Amino acid sequence: MTDNNTTASATPVTVLGLGLMGQALADAFLKAGHPTTVWNRTASKADRLVAGGARSAPTVADAVRAGSLTVVCVTDYAAVRDLLGASDVDLAGTTLVNLTSGDSAQARETARWAGERGARYLDGAIMAVPPVIGTAEAMILHSGPRSVFEEYASTLGALGTLTHLGEDHGLASLYDVAGLAMMWGVLNAWLQGTALLRTAGVDAATYAPFARQIAAVVAEWLPGYAEQIDRGSFPAEVSALETDARAMTHLIEESEAVGVNAELPKLFKAMADRAIAAGHGAEQYPVLIEEFTKPADA
Ligand code: NAP
């Protein structure tokens, strides 16, 4: 969490949306001593927070008027526009922080939409689950004007550890989906290995520590591989792509031989084969970025 709370010890904050995440956000603001106004479409979800010191606003318009900072966290961007687009809601002069998940185009469009209504707008992505909100473990990403972020960083710091990614409003959502790609990539690879080992009677718990170690070793490769990508030069310092592709064949053949799903290894192999056909077989694995950088049918 940011720890320079001296200038924002009592910033009036409004939280719109009291689902699982919105309730956790409101709790954290209250705990940090910010006068907190809340609103939710289903009004009863405010009851517990009101008992804890929050004020429940009867309408979105009233809620937005109450805080100098309005944080919105609802299901999706369509819901954000629904509730803030009501004719009686005046956004002029407000600072709006949207922590709803979505994609980068929605974030940029909502920034434009809010700007037309006179609001200052920061987008954000919460890379954490509700129970850790309010602790340093909660990673919260922001994008949009740095001046707005800096003005409210100490208040927003009540929610977790903040990072300002840049002025482009779409960045928080892009990092969010990039993080999802990482998460599902690792989990799917682990499930593939677990399915293989179970055919030999090795249970998931036995394999998990081994898989964790492999994931940690591979994670160490990322900075060096990233340098190759940024330089656009992929000398095979450790292994050539064609060597990896041969090992992928073993993975596919093993999966098919023991009767487990081979779709994922076949996808790896198809991408590697295309890069090899394009003349990159003697280069190192991150040369595959060229396959990832274009649509599948290009
Ligand atoms: P949730 O528990 O399903 O709550 C959804 C909230 O959105 C409720 O307050 C709901 O109001 C409100 N809502 C939906 N449509 C609305 C509309 N048209 N008008 C007004 N309010 C509307 O979801 P959540 O877990 O709090 O997630 C909220 C956001 O945080 C999502 O974008 C999610 O991706 C993101 N997030 C969640 C987590 C997590 O672990 N939960 C983690 C990271 C990010 P009602 O109560 O009236 O239905």
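The model is predicted, so local features need pLDDT of at least 70 and side-chain atom pairs count only at pLDDT 80 or more, while totals for chains, interfaces and linings use all residues. Residues are numbered from 1 along each chain as its sequence is written, and side-chain values use heavy atoms, with hydrogens and water left out.

Strand β6 covers residues 120-127 (strands are DSSP runs of E, at least two residues, and helices are runs of H or I, at least four, numbered from the N terminus). Because 6 of its 8 residues are buried, β6 is largely enclosed by the rest of the structure; buried here means under 20% relative accessible area with a 1.4 Å probe, protein chains only. On the parallel side, β6 pairs with β5 (residues 95-98) over 4 bridges, where pairing takes at least two DSSP bridges. Strand β7 (residues 139-143) runs antiparallel to β6, joined by 5 bridges. D123 of β6 sits opposite N98, and in β7 its bridge partner is S143.

S143 also turns up among the contacts of H164, a residue of strand β8 (residues 161-164); contact means heavy atoms within 4.5 Å. H164 counts as buried, at 12% relative accessibility. Its side chain makes a polar contact with that of R146 at 3.3 Å (N or O atoms within 3.5 Å, one able to donate a hydrogen and the other to accept it; residues adjacent in sequence count only if both atoms are side-chain atoms).

As for helix α7 (residues 171-198), its buried residues include A172, D176 and L196.

How values were computed:
Buried < 20%, exposed > 50% of the residue type's maximum accessible area, 1.4 Å probe, protein only. Lists of a residue's contacts leave out its neighbours within four places in sequence.
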